[in-house]
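Please keep the sequence and the structure at hand while reading.

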Amino acid sequence: MRTGWADTERRDLTADPQAPYAAVRRSELSARFPHERLVIPSGNLKVRSNDDTYPFRPHSAYVHMTGDQARDGALVLEPRADGGHDAYCYQLPRDSRTDDEFWSGYHAELWTGRRASLAEAERVLGLPCRDVRTAAADLAAGNGVPTRIVRGVDAALEAAVVTDAERDAELEEALSELRAVKDAWEIGEMRAVVDATVRGFTDVVSELSRAIATSERWIEGTFFRRARLEGNALGYSTVAAAGDHATIMHWSDNDGPVRPGDLLLLDAGVEGRTLYTADVTRTLPISGTFDAIQRTVYDAVYAAQEAGFAAVKPGAAYRDFHEAAQRHLAERLVDWGFIEGPADRAYELGLQRRFTMAGTGHMLGLDVHDCAQARTETYVDGVLEPGMVLTVEPGLYFQPDDLTVPEEWRGIGVRIEDDLLVTADGHENLSADLPRSADEVEEWMARFAG
């Protein structure tokens with residue numbers, strides 16, 4: 001059993017295209033924390049039930065700083081006397097065939113597939129790699145060095161270091177903030193996942209008749225097929241919300257009927273093989289055409305998104321696009337008599353939020369809600385810069401039991417969401433290949449709907 005195996009070491013590997021970009025990111029992180037040791041784990045497998053685990057997805061900060069996706073790893077930035085750092089990566093090495101580790105255990109290589117050797121990982125990542133099985137002891141031995149760690153990712157490594165919650169939170173803030181402006185390689189990845197997402201939406205429209213014959217689950221499964229074909233998985237749980245399910249912001253049961261005459265709100269994004277994700281929403285008339293009230297609501301949301309788009313440009317306050325879209329929707333709601341005007345007063349009081357519910361967008365990247373741990377002053381109170389990628393996604397949601405609106409409006413939910421790249425002179429709509437206006441949507445569906 002332990003003999004007769006070929007040498008499978010791969011000596012022809014070269015550095016990953018992301019490696020030089022990841023090195024720059026580590027340098028930027030290093031500059032923020034001179035003379036401190038930084039530990040960024042990748043994470044461990046999580047049990048789904050009994051001996052079955054969820055598919056592994058590494059911590060986004062680890063991916064951003066290394067380009068690696070291996071489980072049970074950790075990036076360490078060890079401080080030097082000059083204030084800089086030496087970076088190295090702990091990795092789980094290949095199982096040895098001279099003992100039982102290759103054969104036994106549910107997560108042994110024989111059962112789950114070949115891992116990279118430490119030497120292979122070094123060549124691909126451009127980082128020295130060490131055996132992670134010594135990581136906890138190594139870190140504990142260096143506890144005289146001021147240390148910060150990303151918490152809640154690897155309990156064993158967290159227990160090995162002496163640190164405190166406030167300082168660790170500052171590390172997470174920095175890691176989030178360093179993801180705000182995407183480099184050229186990241187922008188290329190964002191383009192690719194948005195393009196795949198556009199194809200996934202077209203798949204759904206092409207199979208809409210089969211969803212009518214079955215349920216929202218057909219829509220969810222159709223988009224998932226595209227995500228797995230062209231990417232890693234979904235960037236988040238698909239919202240395939242038909243009828244009054246469209247008024248539920250995070251509907252994910254996706255088990256309801258798909259009826260002609262209703263609207264379908266589809267919010268979905270492909271997560272690429274490098275783990276960057278898109279986030280796009282379209283609201284579609286299942287019968288192929290909007291009725292009068294559906295079109296009225298849709299046109300209002302479309303105009304609000306246009307107002308939000310106009311506010312996305314370098315130097316603008318991050319909040320500007322949200323405020324522009326929300327003000328427009330407040331005006332429409334006053335015009336319709338659903339909230340008391342004047343519109344400026346209604347907006348200041350937030351009266352429109354009964355029907356708009358959420359904010360109008362967020363940063364996008366390795367996480368669907370990227371940069372989430374960034375400080376308020378650098379994110380929602382910050383300004384837009386070239387290289388940022390964000391969503392603009394206004395919506396109106398009239399709950400089926402809301403007696404403050406006419407009965408024929410109840411159960412209508414509309415959201416339009418696109419992924420925008422801030423450029424030097426404004427913005428680029430990365431998802432522009434998907435139709436947005438009501439006329440464009442109807443024409444698109446006439447061409448593709450099955």
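**The mixed sheet and its partners**

In strand E7, the bridge partner of Arg37 is Thr147. Arg37 belongs to strand E1 (residues 37–41), which is joined to E7 by 3 bridges and runs parallel to it. Helices (H or I, at least four residues) and strands (E, at least two) are DSSP runs, numbered from the N terminus, and two strands pair if DSSP finds at least two bridges between them.

The model is a predicted one, in which local features need pLDDT of at least 70 and side-chain atom pairs count only at pLDDT 80 or more, while totals for chains, interfaces and linings use all residues. Residues are numbered from 1 along each chain as its sequence is written, and side-chain values use heavy atoms, with hydrogens and water left out.

Strands E1 and E7 belong to an open sheet of 5 strands with mixed pairing, in the order E6-E5-E4-E1-E7. At its edges stand strand E6 (129–131) and strand E7 (147–149), each of which pairs on one side only. On average, neighbouring strands of this sheet are turned by 25° against each other, direction ignored; axes are lines fitted to C-alpha atoms, for helices over the stretch in contact, and angles run from 0 to 180 degrees between N-to-C directions.

E1 also pairs with E4, to which 4 bridges join it in an antiparallel run. In that pairing, Ile40 stands opposite Leu75 in E4. E4 is in turn joined to E5 by 6 bridges, and these two strands run antiparallel. Here Val76 has Tyr88 in E5 as its bridge partner. The hairpin of E4 and E5 has 5 residues between the strands, and in this hairpin Gly83 takes a positive phi near 95°.

Which helices lie across this sheet's strands? Helix H1 (residues 19–32) lies across E1, strand E4 (74–79) and strand E5 (85–91), and runs at about 50° to E4. Helix H7 (residues 165–177) lies across E1 and E7, running at about 60° to E7. Contact here means heavy atoms within 4.5 Å.

**The antiparallel sheet and a further hairpin**

A second open sheet has 3 strands in the order E9-E10-E12, and its pairing is antiparallel. Its edge strands are strand E9 (239–242) and strand E12 (280–285), each pairing on one side only. Neighbouring strands of this sheet are turned by 10° against each other on average, direction ignored. Strand E10 (residues 263–268) pairs with E12 in the antiparallel sense over 6 bridges, and Ala268 stands opposite Val280 in E12.

**A helix pair**

Helix H11 (residues 292–310) packs against helix H15 (residues 438–448) at an angle of about 120°, their axes 10 Å apart. H11 is therefore oblique to H15, given that angles under 35 degrees count as roughly parallel, over 145 as roughly antiparallel, 65 to 115 as roughly perpendicular and the rest as oblique. From H11, Arg295, Tyr298 and Asp299 meet Ala438, Asp439, Val441 and Glu442 in H15. The residues of this contact divide into 3 nonpolar, no polar and 4 charged; Ala, Val, Leu, Ile, Met, Phe, Trp, Tyr, Cys and Pro count as nonpolar, Asp, Glu, Lys and Arg as charged, and the others, Gly among them, as polar.

**The largest pocket**

The largest pocket has a volume of about 690 Å³. It is lined by 29 residues, of which Phe56, Asp68, Gln69, Ala70 and Arg71 are the closest to its centre. A pocket is, on a 1 Å grid over the protein atoms alone, an open set of points where a 1.4 Å probe fits, with protein on both sides within 12 Å along at least five of seven lines; lining residues have an atom within 4 Å of a point. Grid points are joined across faces, edges and corners, and a volume is the space filled by probe spheres set on the points. Helix H4 (residues 118–125) gives the most to the lining, with 4 residues. The lining divides into 15 nonpolar, 7 polar and 7 charged residues.

**Two backbone features in loops**

The peptide bond from Gly341 to Pro342 is cis, with omega near 5°. Pro342 is placed in the loop between helix H12 (319–335) and helix H13 (343–349). Asn50, although not a glycine, has a positive phi of about 55°; its place is in the loop between strand E2 (47–49) and strand E3 (52–53).
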